[in-house]
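Look at the sequence and the structure shown here.

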Amino acid sequence: MAPSSSSLISSSSSSLSSSSSLSSFPMDGIAAIRQYIDRMLDSSALEKQRQLLGVVGNNNNNHNGINNNNNNNGTPNKMMMKAFLLDAVTTQIVSSVYSQTEILSKQVYLVTRLDEDDKKRQQRQPQEVVRTEVGHLTALVFCRPTPANIDYLGRELSSPRFRHYHIYFSSVLSTGLLRLLAEHDRWERVASVQEYFADFVPINPDLWTLQSTAHSLVLTTAAGTSWAPKYAAQYERQLQGLQSMLLAMKRQPTCIRYAGHSACAEELAQDLHESILADDIFHFRGAGENKKQ
């Protein structure tokens with residue numbers, strides 16, 4: 001990286017911006033993640049989404065083949081029974097800010113893993129795996145935007161167990177994966193797809209982790225994607241995690257510091273900086289100078 005770029009991305013030997021400006025705007029990772037989970041589990045918000053989509057109506061006016069959620073009097077049900085489907089990473093994320101009791105209080109009657117069927121197949125013969133139909137439940141899916149999770153969703157949607165699906169990805173979903181997800185939804189059960197930037201685990205309000213110790217160890221000894229293709233998945237995980245942290249906190253940094261002795265850290269800082277410049281999602285509406293740290 002050319003020295004002239006130090007005003008945008010600087011090594012650890014460069015001067016650090018004033019910490020007093022950052023302290024005026026505290027970043028609370030626990031509050032950010034809880035806010036996202038609250039919005040996922042909010043029955044009234046889900047009902048409003050369904051109304052906007054045209055789902056709520058009479059039996060002959062359904063949207064995408066989804067049955068309405070009205071009672072016999074034609075008024076929407078206030079109680080929405082839900083299932084919460086998670087992957088291995090988002091299970092850790094949710095459990096770091098929500099207890100099982102709190103989840104149950106949100107009318108969530110089933111919490112399960114997205115890859116539950118695969119886990120069962122590893123324990124018994126495939127023909128012994130029985131999938132329980134729960135068509136009266138609305139499925140809320142919270143997972144990372146990875147090819148493996150799209151594959152799990154494809155298997156779920158090929159033989160849907162739930163009435164319909166609201167899918168939330170913890171980071172930016174690529175166009176290719178979104179197109180693949182749409183191809184899997186041949187029964188048209190997916191009611192909404194959204195990005196909620198909760199791709200990190202908050203230990204304390206000001207201390208967060210990606211829960212990827214082994215991956216971080218690899219990155220200290222190997223370079224980024226351009227030099228070490230076999231570490232591409234780990235590298236991408238680090239990049240997406242950092243992007244998610246910035247988006248959750250609504251931060252658009254103008255200076256990114258990295259360890260000057262690490263070529264991998266330099267490339268990671270460069271890729272993060274370029275993603276901020278290239279994607280309008282980092283240009284927050286109404287964000288003042290306090291967000292540009």
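## A residue in strand β4

In this predicted model, T138 has a relative accessibility of 5%. The cut-off for a buried residue is under 20%, so T138 counts as buried. T138 belongs to strand β4, which covers residues 134-143.

Which residues is T138 in contact with, leaving aside its neighbours within four places in sequence? They are M80, M81, K82, A83, H164 and H166.

## Helices α7 and α8

Helix α7 covers residues 147-158 and helix α8 covers residues 175-184. The two pack with their axes 9 Å apart, at an angle of about 15°. Angles under 35 degrees count as roughly parallel, and therefore α7 is roughly parallel to α8. The crossing of these two helices, α7 and α8, is right-handed.

On the α7 side, the contact is made by P147, I150, L153, G154 and L157. On the α8 side, L177, L180, L181 and H184 take part. Sorted by class, the contact of α7 with α8 has seven nonpolar residues, two polar ones and no charged ones.

## Helices α2 and α4

How are α2 and α4 oriented, roughly parallel or roughly perpendicular? Helix α2 (residues 29-41) packs against helix α4 (residues 88-97) at an angle of about 105°, and their axes are 9 Å apart. Angles of 65 to 115 degrees count as roughly perpendicular, so α2 is roughly perpendicular to α4.

From α2, the residues I30, I33, R34 and I37 meet I93, V94 and V97 of α4. By class, the contact of α2 with α4 has six nonpolar residues, no polar residues and one charged residue.

## Cysteines

How many disulfides are there in the model? A disulfide is taken as a pair of cysteine sulfur atoms within 2.5 Å, and by this rule the count is zero.

C143 has a relative accessible area of 0% and is buried. C264, at 5% relative accessibility, also counts as buried. Both values fall in the buried class because that class takes in relative accessible areas under 20%.

## The chain as a whole

The protein chain contains eleven helices and nine strands. Of its 293 residues, 43% are buried.

Consider the contacts in the protein chain between residues at least 6 apart in sequence. Of these contacts, 77% join residues at least 24 apart.

How values were computed
Residues numbered from 1 in each chain as written. Predicted model: local features only at pLDDT ≥ 70, side-chain atom pairs only at ≥ 80, totals over all residues. Heavy atoms only, no water. Buried < 20%, exposed > 50% of the residue type's maximum accessible area, 1.4 Å probe, protein only. Axes fitted to C-alpha atoms, helices over the stretch in contact; angles between N-to-C directions. Helix = DSSP H or I, 4+ residues; strand = E, 2+ residues; numbered from the N terminus. Parallel < 35°, antiparallel > 145°, perpendicular 65-115°, else oblique. Left-handed = near helix turned anticlockwise from the far one by under 90°. Contact = heavy atoms within 4.5 Å. Nonpolar A, V, L, I, M, F, W, Y, C, P; charged D, E, K, R; others polar.
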